[in-house]
Amino acid sequence: MNLQYVQGEPIFTKTNKVPKQYEYLTENIETDVIIVGGGVTGSILGYYFSKANIKSVILEKNRIGYCSTGVTTSLLQYELDDNLNDLMEATTKNNVIRSYELGLKALNEIDNIINQYGNKCDYRRKDTLLYTSKKLEINEIYEEYRIRKENGFDVDFIDETSNPFSFDLKAGVYSNNGGAQFDSYKYTHELIDISLKKGVRIYENTEVTAVNYENSGVLAYTTYGYKVKGKIIIVATGYNTGLFSKRNFGTKTTTFNLATKPVSDFSGWYKRALIRDNNSPYNYYRTTEDNRIIIGGEDIRFVPDIFNEKAAKDKYDILEQRLKFMFNDIKGIEVEYKYCGAFASTKDNLGFIGKDPDNHKLWYCLGYGANGILFSMLGGRMLSDLYLGKYNEDLKLFQVDRFDN
Ligand SMILES: Cc1cc2nc3c(=O)[nH]c(=O)nc-3n(C[C@H](O)[C@H](O)[C@H](O)COP(=O)(O)OP(=O)(O)OC[C@H]3O[C@@H](n4cnc5c(N)ncnc54)[C@H](O)[C@@H]3O)c2cc1C
């Protein structure tokens with residue numbers, strides 16, 4: 001199953017039981033919206049479309065939540081992969097500030113879902129830290145802090161003298177309530193459960209193998225020959241888009257994660273904030289509700305169909321050493337899970353949400369970049385509105401053809 005996209009033993013799919021299995025498609029059916037992909041994005045779309053009383057069907061070729069969704073670190077942060085000033089070649093300051101605001105909006109939407117339906121996915125709102133341990137980067141981090149502060153974000157600047165963390169930090173932007181964490185596998189199932197009650201139909205082990213666009217709508221062909229007829233089709237297939245478009249949607253890397261066994265204390269880890277360093281590629285750190293640590297990063301170029309075991313082992317070793325060095329006050333750090341997966345980034349760090357410019361029956365919700373999950377949340381809201389005829393100006397930020405000449 002998608003072996004080239006996910007490798008190893010991911011914490012979320014290893015520690016959780018499969019809460020529910022779904023049938024595969026055994027008849028021809030009709031709907032309004034065909035959602036292809038049963039990862040976190042497909043589940044988010046199902047949630048928003050069913051909330052808006054739009055008939056939809058989710059088709060997943062393998063198991064729900066077992067592709068990128070099963071390996072994501074699930075740091076949910078409003079900030080982007082790069083600092084604002086570094087993005088100026090690809091976009092504008094206003095666009096970056098707007099996407100920070102949208103990130104916060106998406107976090108608040110998750111808060112609302114959890115408040116309404118209960119916390120079944122270990123969701124927790126968090127402070128976040130972006131930091132550097134290099135003197136040379138102090139000004140860069142200060143500038144990022146200054147711009148965010150000036151634009152109304154709740155941030156503090158940390159330097160060596162005010163550093164509440166135990167590790168070496170020369171400068172940091174500390175965002176109060178700027179992020180959240182959850183178990184993406186559980187969240188996906190929670191949303192699907194809610195959506196099913198509102199009328200979404202879902203089929204596992206049902207691959208879309210071909211799509212025909214007709215005047216009256218879209219016909220998706222699936223394994224075993226059954227067809228789904230809809231008015232539009234939405235691609236929520238993560239980094240696997242070749243069946244639907246020849247577009248090159250982003251630069252793919254493989255990114256690596258380790259999850260430890262539960263530790264007994266978090267000495268030196270202020271408020272168990274979400275942490276990211278300013279390196280390129282960067283490392284990121286979070287904790288879990290059962291007191292584990294997840295560290296990720298060490299990205300390398302993604303090569304389809306080839307898994308380099310030696311490179312993966314080297315990367316896992318580097319991550320383990322880094323974790324132990326960084327948090328040397330935390331005793332008994334023992335790695336339990338090692339895994340990696342494909343990841344795609346774009347020049348402006350944003351995903352792709354909206355209609356195909358040449359085919360208005362083909363829509364995309366692709367959560368690329370480090371904020372993939374938050375972008376999918378925005379996509380769910382904006383695309384269900386769009387289906388009902390309400391165009392949201394923020395869709396321009398995520399437009400599919402924005403890099404076309
Ligand atoms: C190691 C790692 C760490 C990450 N960390 C973060 C993070 O901290 N925060 C964050 O926001 N994002 C993070 N990401 C990105 C995040 O994982 C993605 O944004 C998110 O999981 C994408 O979910 P998805 O549902 O779009 O894709 P997927 O989970 O990949 O789901 C797509 C689904 O589509 C199915 N599919 C594909 N083709 C077909 C077809 N033809 N027919 C039917 N089904 C099909 C696949 O089987 C798959 O289940 C990380 C990614 C990786 C790899």
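Select helix α8, residues 372-387, in this predicted model. Of its 16 residues, 14 are buried, so α8 is largely enclosed by the rest of the structure. The length of α8 can be checked in the viewer: at 1.5 Å a residue the helix should span 22 Å, and its end C-alpha atoms are 22 Å apart, which agrees. Now step just past the end of α8 to Gly389, where phi is positive, at about 90°.

Rolling a probe the size of a water molecule over the atoms shows where empty space is left. The count comes to one cavity of 30 Å³ or more, and the largest cavity holds about 50 Å³ of space. To see its lining, select Tyr48, Leu102, Lys105, Glu109, Met377, Leu378, Arg381, Met382, Asn392 and Asp394. Two elements give two or more residues each to this lining: α4 (93-117) and α8. Which of the elements gives the most? It is α8, with four residues. Coloured by type, the lining residues divide into five nonpolar, one polar and four charged.

Next, select the strands β9, β4, β3, β13, β20 and β19. In that order they make an open sheet of six strands with mixed pairing. At the edges stand β9 (201-203) and β19 (352-356); each has a single partner strand, so one side of each is left without a neighbour in the sheet. From one strand to the next, the twist averages 20°. Zoom in on β19 and its antiparallel partner β20 (residues 359-366), which are joined by five bridges. Here Lys355 stands opposite Trp363 in β20.

The last stop is strand β16, residues 284-287. In a regular strand the side chains alternate between the two faces of the sheet.

Select Ile275 and its bridge partner in β16, Tyr285. Then move to β17 (residues 293-301), which runs antiparallel to β16 and is joined to it by four bridges. Tyr284 stands opposite Gly296 in β17. The hairpin of β16 and β17 has five residues between the strands, and Asn291 in the turn has a positive phi of about 65°.

Definitions and conventions: Residues numbered from 1 in each chain as written. Predicted model: local features only at pLDDT ≥ 70, side-chain atom pairs only at ≥ 80, totals over all residues. Heavy atoms only, no water. Expected span 1.5 Å × (residues − 1). Buried < 20%, exposed > 50% of the residue type's maximum accessible area, 1.4 Å probe, protein only. Pairing = 2+ DSSP bridges. Axes fitted to C-alpha atoms, helices over the stretch in contact; angles between N-to-C directions. 1 Å grid on protein atoms, 1.4 Å probe; cavity = no way out; pocket = protein on both sides within 12 Å on 5 of 7 lines; lining within 4 Å. Points joined across faces, edges and corners; volume = space filled by probe spheres on them. Nonpolar A, V, L, I, M, F, W, Y, C, P; charged D, E, K, R; others polar.
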